[in-house]
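Subject: Structure handover

Hi,

Here is the structure for you to look over. My notes follow below it.

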Amino acid sequence: KGPGGAGAGAPAAAAGADHYAALHLSRDATYDEIRRAYRRLVLQCHPDKGGRAEDFRKVSEAFEVLANDEKRKVYDGQRTAPPQRRPAAADAGDPLQHTAAAAFADLLLRPKHEWDSLLARLSSDTLRILREHLAEERAVEPAPRRRRAKPGDLVPVDEADDEGQGRGCGKGIVKAARGGYSVKVSWRCFSIASLTPVPTLEQATALHMAFVDLRNTAQARYATAVSDLRGVGCPVDAKDALEDCPPLIEAELRELLHAEPWHPICFASDLREQKRGNRKPERIQTRWTPDLGSAMHYRLLTARALSSTSLNVKGRRQKVEEFMGERAVQEREARLALDAAALR
């Protein structure tokens, strides 16, 4: 399964697996209780903390199912309460930390020409905290590129291990080859991942939970759109991608960045054309990019290329990949320029 592939459904659980027992929870556990149990058990069961890889996989699989409302309904075989909103991950006890996190989140979502004016409004203490975080981010060694990566690719850390194969880790959090951890979550053929290694398991766990919360919010928005369409008599079947309802919007990303702004993240889609005859459907994975607007633009181009009948499939794929490759270099440079601007 490719790095951009989104799980339309949960992977099949092992026969007889008790996800509630894996997290030491009762069947009526709330969403917040599931999150707290996952955070606690990850730090107990992870091989880096002296635990067993099999126990960590069970905890990871249990969280993957129980933290997703739809998957939990299927697992329980009955309707359950919707997930509760998670509290902000920023340190509420330190106003300067919170201010620095919010300022950096705003920088990430603003065009470059507005950075100087925003930074000029910050206090010297807030700028100091901002510089400390960015200096720590820069100290992390960049992720190695995979053999299949092409010039201009932005490849998240150890993307090949997304499903938890190798290095004794579970789905969502993967041990990076050069130290630190990779984090990735997917839905609707769309993925969000850490672009550089997350230094500690504690930080990786917090980022993973933030990604899962983001996915749940986005999927709830999609479910509402489907329900509303059906309510007004518009048919929507299981194969309808409903691209008019994007997998992630800026308001949802803003909430994530205000909670977990310090670790660089990137986005990609993994799309396939509809099967025609006996020919194997063509698949195009968009280039990983730290810019959500570009990620959505690449998704649009790729979807149209796969659905068009005016050109041959291979020709369309080559043109789309060339376009994305050229833009990806510029987007990486812009992300690094943000660090440089804040560190001045």
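Start with residues 1–15: pLDDT stays under 50 there. pLDDT is the predictor's confidence in each residue, from 0 to 100. The model still gives this stretch 40 contacts beyond four places in sequence, a contact being heavy atoms within 4.5 Å. Residues 141–154 also have a pLDDT below 50. That stretch has 32 contacts in the model beyond near neighbours in sequence. For the chain, the mean pLDDT is 77, and 74% of residues reach 70 or more.

Some ground rules. This is a predicted model, with residues numbered from 1 along each chain as its sequence is written; local features need pLDDT of at least 70, and side-chain atom pairs count only at pLDDT 80 or more, while totals for chains, interfaces and linings use all residues. Side-chain values use heavy atoms, leaving out hydrogens and water.

The overall picture. The chain has eleven helices and five strands. These are DSSP runs numbered from the N terminus (helices: H or I, at least four residues; strands: E, at least two). Of the 344 residues, 49% are buried. Buried means under 20% relative accessible area, exposed over 50%, partly exposed in between (1.4 Å probe, protein chains only). Among contacts with a separation of 6 or more, 67% join residues 24 or more positions apart. The accessible surface is about 17,100 Å², and carbon and sulfur atoms hold 52% of it (Shrake-Rupley method, 1.4 Å probe).

Helix α3 (residues 53–66) packs against helix α4 (residues 69–76) at about 100 degrees, axes 6 Å apart. Axes are lines fitted to C-alpha atoms over the stretch in contact, and angles run from 0 to 180 degrees between N-to-C directions. So α3 and α4 are roughly perpendicular (65 to 115 degrees). α3 brings Glu64, Val65 and Leu66; α4 brings Lys71, Arg72 and Tyr75. The contact has three nonpolar, no polar and three charged residues. Here Val, Leu and Tyr count as nonpolar, and Glu, Lys and Arg as charged.

Which residues have a positive phi without being glycine? Arginine 188 does, near 50 degrees, and cysteine 189 does, at about 60 degrees. Most residues other than glycine have a negative phi. Arginine 188 lies in the loop between β2 (181–187) and β3 (190–194), and cysteine 189 lies in the loop between β2 and β3. Arginine 188 is buried, at 15% relative accessible area. Cysteine 189 is partly exposed, at 32%.

Best wishes

Note on methods:
Angles under 35 degrees count as roughly parallel, over 145 as roughly antiparallel, 65 to 115 as roughly perpendicular and the rest as oblique.
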